[in-house]
Amino acid sequence: MTYELFLALSGFAFGTVITPGPNNLMLMTSGANFGFVRSLPHMFGVGLGFPLMILPVGLGVTQLFEAFPPLNWILTVFSVLYMLWLAYKITQAAPPQDGETTGKPLTFLQACAFQWVNPKAWAMALGAITLYAASRDVAAVLWVSGTYVMMGCISTTTWTVLGQQMRRVLTNPRRLRLFNWSMATLLLASLYPVFVGH
């Protein structure tokens, strides 16, 4: 990969990971509810889970969906169900009586698994592979995946710290509940492209 192509890929990767989406909304919510340290497994799950997803996508897993179209429907159902579960978890992060949070942040494996049912992650992976690893050779796919590891570190840290800083404003239990319900609503709203596309 040439230096110019790598710069273009880096810009593309950064632009796609830093913009609001399900992962970033959940990281900000985790930072606000659980703090930075407790959110680290979630951060690593996103930061490494998505680049690991790129590898099979780049090496041809999408051909399975072309060969067996019902897989698209199955993935959509799992996406919706998982997002509903995550939205529920977000709404339950703040208790009704006090400012201490209940619930737990996502684990590393849960955050990794989420990448496979995240519509934005699929769009990002397919877009990156199409633009920067169209040949589908292993070296090109590894470059794309590795670039997303670097950019993912920046993005996951940024959104989690943003959430952590919001804790100063969310000291009131009512405000924290409102924040969590707003984030859950935005997470569900991110499913809109899924329904429009079907």
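This is a predicted model: local features need pLDDT of at least 70, side-chain atom pairs count only at pLDDT 80 or more; totals for chains, interfaces and linings use all residues.
Trainee: How do you know whether the radius of gyration of the protein chain agrees with that of a compact globule?
Mentor: A compact globule with 198 residues would have a radius of gyration near 16 Å, and the protein chain has 17 Å, so the value agrees with the rule. Along the principal axes, the C-alpha trace spans about 55 × 40 × 25 Å.

Trainee: Why is Gln 115 called buried?
Mentor: Buried means under 20% relative accessible area, and Gln 115, which lies in helix α5, has 0% relative accessibility, so it counts as buried. Leaving out residues up to four places away in sequence, Gln 115 touches Asn 23, Gly 45, Val 46, Gly 49, Phe 50, Met 53, Ala 121 and Trp 122.

Trainee: What makes the pair Gln 115 and Asn 23 a polar contact?
Mentor: The cut-off for a pair of N or O atoms is 3.5 Å, and the side chains of Gln 115 and Asn 23 are joined at 2.8 Å, so the distance falls within that limit.

Trainee: Where is Asn 118, and is it buried or exposed?
Mentor: Asn 118 sits in the loop between α5 (108–115) and α6 (119–132), and because its relative accessibility is 2%, Asn 118 counts as buried. Asn 118 touches Pro 22 and Asn 23, when residues up to four places away in sequence are not counted, and a polar atom of the Asn 118 side chain lies 3.0 Å from the backbone nitrogen of Lys 120.

Trainee: Why is Thr 130 called exposed?
Mentor: The word exposed requires over 50% relative accessible area, and Thr 130 has 51%, so it counts as exposed. Thr 130 is found in helix α6, where a polar atom of its side chain lies 2.7 Å from the backbone oxygen of Leu 126. Thr 130 and Gly 58 are 72 residues apart in sequence, and their C-alpha atoms are 8.6 Å apart in space.

Trainee: What makes the phi of Arg 136 worth a remark?
Mentor: Most residues other than glycine have a negative phi. Arg 136 is not a glycine, and yet it has a positive phi of about 60°. Arg 136 lies in the loop between α6 and α7, and with 32% relative accessibility it counts as partly exposed.

Trainee: How do you know whether Ser 145 is buried or exposed?
Mentor: Ser 145 has 7% relative accessibility, which means that it counts as buried, since the limit is under 20%. Ser 145 is found in helix α7 (residues 138–166), and, with neighbours within four places in sequence left aside, Ser 145 is in contact with Pro 51, Leu 52, Ile 54 and Leu 55. The side chain of Ser 145 reaches the backbone oxygen of Pro 51 at 2.8 Å.

Trainee: How many contacts in the protein chain join residues at least 24 apart, as a percentage?
Mentor: Among contacts between residues at least 6 apart in sequence, 83% join residues at least 24 apart.

Trainee: How many positive and negative side chains are there, and how far apart are the centres of the two sets?
Mentor: The protein chain has 10 positive and 5 negative side chains, and the centres of the two sets lie 17 Å apart.

Technical notes: Residues are numbered from 1 along each chain as its sequence is written. Side-chain values use heavy atoms; hydrogens and water are left out. Helices (H or I, at least four residues) and strands (E, at least two) are DSSP runs, numbered from the N terminus. Buried means under 20% relative accessible area, exposed over 50%, partly exposed in between (1.4 Å probe, protein chains only). A polar contact is a pair of N or O atoms within 3.5 Å; within protein, one must be able to donate a hydrogen and the other to accept it, and residues adjacent in sequence count only if both atoms are side-chain atoms. Contact means heavy atoms within 4.5 Å. The radius of gyration is taken over C-alpha atoms; the globule rule is 2.2 Å times the number of residues to the power 0.38. Lys and Arg count as positive and Asp and Glu as negative; His and the chain ends are not counted. The place of a charge is taken as NZ of Lys, CZ of Arg, CG of Asp or CD of Glu.
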